[in-house]
Amino acid sequence: MAEDLIGTHSRAAHCVVSVSIGYFLQDFVDMLCNQKLHQSWELLFHHSVVIICFSVAVLVHRYIGFALVALLVEINSIFLHLRQILLMANLLHTTCYRLNSIINLGTYVVFRITTLAWMTRWLVLNRENIPLATYTVGTVGMAIMTPMNIILFYRLLRSDFLKSSREAWREKEK
């Protein structure tokens with residue numbers, strides 16, 4: 001299995017990771033130009049880590065399979081972006097927002113937390129198959145991404161679920 005994620009990949013897989021780098025670069029530049037730094041620094045940092053890690057894979061033609069696994073995380077981005085759109089449309093108190101919040105947290109656990117945990121485990125178990133420099137880039141990348149995603153999960157949970165519980169409790173006190 002280690003060789004499959006390290007050295008074996010198709011031209012299409014290489015293209016998917018390459019195009020993903022382009023997406024992250026474009027989104028990075030868009031955020032730099034159109035958002036305030038204090039609002040976007042975490043995503044800029046996230047994108048920087050992804051761009052570096054994916055670029056290593058594309059340039060050395062290795063670890064493409066591992067990068068494809070990392071792209072599973074982006075499935076959850078559909079629901080994160082939909083959440084933002086619903087918030088911008090002032091649809092916070094709708095069934096659609098509530099349903100998206102539930103799906104968002106579910107896909108967050110499955111496609112972000114679980115995937116990052118699996119990737120970290122894979123790195124540790126395959127340490128002997130990976131050169132030190134590449135292992136260091138991967139390990140640092142995971143050490144950055146995992147806490148960032150756990151913090152974001154907590155913020156989403158607090159914002160979409162725990163806040164409403166607190167507000168209901170405050171209403172009962174009045």
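User: Let's start with N90: buried or exposed?
Analyst: N90 is exposed, with a relative accessible area of 67%. Here exposed means over 50% relative accessible area, buried under 20%, and partly exposed in between, using a 1.4 Å probe and protein chains only. Keep in mind that this is a predicted model, where local features need pLDDT of at least 70, side-chain atom pairs count only at pLDDT 80 or more, and totals for chains, interfaces and linings use all residues. Residues are numbered from 1 along each chain as its sequence is written, and side-chain values use heavy atoms, with hydrogens and water left out.

User: Where does N90 lie?
Analyst: In the loop between α5 and α6. Helices are DSSP runs of H or I with at least four residues, strands are E runs of at least two, and both are numbered from the N terminus.

User: And what about the phi of N90?
Analyst: It's positive, about 60°, although N90 is not a glycine. Most residues other than glycine have a negative phi. Y63 also has a positive phi, near 70°, and is a residue other than glycine.

User: Where is Y63, and is it buried or exposed?
Analyst: Y63 sits in the loop between α3 and α4. It counts as buried because its relative accessible area is 8%.

User: OK, zooming out. How many helices and strands does the protein have?
Analyst: Seven helices and zero strands. Along the sequence that reads α-α-α-α-α-α-α. The C-alpha atoms fill a box of roughly 60 × 35 × 25 Å along the principal axes.

User: What share of the residues is buried?
Analyst: 35% of the 174 residues. The protein exposes about 10600 Å², and carbon and sulfur atoms supply 68% of that. Those accessible areas come from the Shrake-Rupley method with a 1.4 Å probe; for residues, only the protein chains shown count as cover.

User: What's in the largest nonpolar core?
Analyst: It has 28 residues, and F54, M119, W122, L123 and I130 have the most contacts inside it. α1 (2–6), α2 (11–34), α3, α4 (64–71), α6 (95–125) and α7 (132–173) are the elements that give it two or more residues. A nonpolar core is a set of buried Ala, Val, Leu, Ile, Met, Phe, Trp, Tyr and Cys residues joined through side-chain atoms within 4.5 Å. In soluble globular proteins, nonpolar side chains tend to be buried together.

User: Which residues does I130 touch?
Analyst: I6, Y63, W122, L123 and Y135, leaving out residues up to four places away in sequence. A contact means heavy atoms within 4.5 Å.

User: What does S20 touch?
Analyst: F54 and L71, again not counting residues up to four places away in sequence. S20 lies in helix α2 and is buried, at 11% relative accessible area.

User: Switching to charges. How many salt bridges are there?
Analyst: Two. A salt bridge is a side-chain nitrogen of Lys or Arg within 4 Å of a carboxyl oxygen of Asp or Glu. E42 forms one with R155, the closest N and O atoms being 2.9 Å apart. E42 is in helix α3 and R155 in helix α7, so the pair ties together parts 113 residues apart in sequence.

User: And the D160 one, what is its partner?
Analyst: R83, with the closest N and O atoms 2.9 Å apart. D160 lies in helix α7 and R83 in helix α5 (residues 77–88), so this pair ties together parts 77 residues apart in sequence.

User: Are these residues buried or partly exposed?
Analyst: D160 and R83 are buried. E42 is partly exposed at 29%, and R155 is partly exposed at 35% relative accessibility.

User: How many disulfides?
Analyst: Zero in the whole structure, where a disulfide is a pair of cysteine sulfur atoms within 2.5 Å. C15 is partly exposed at 42% relative accessibility, and C53 is partly exposed at 25%.

User: Last one: which residues form the nonpolar surface patch?
Analyst: L37, W41 and F45, with about 340 Å² of accessible area together. Patches take residues with over 30% relative accessible area and no salt bridge, joining like charges within 9 Å and nonpolar side chains (Val, Leu, Ile, Met, Phe, Trp, Tyr) within 5 Å. W41 is in helix α3 (residues 37–60) and counts as partly exposed because its relative accessibility is 48%.
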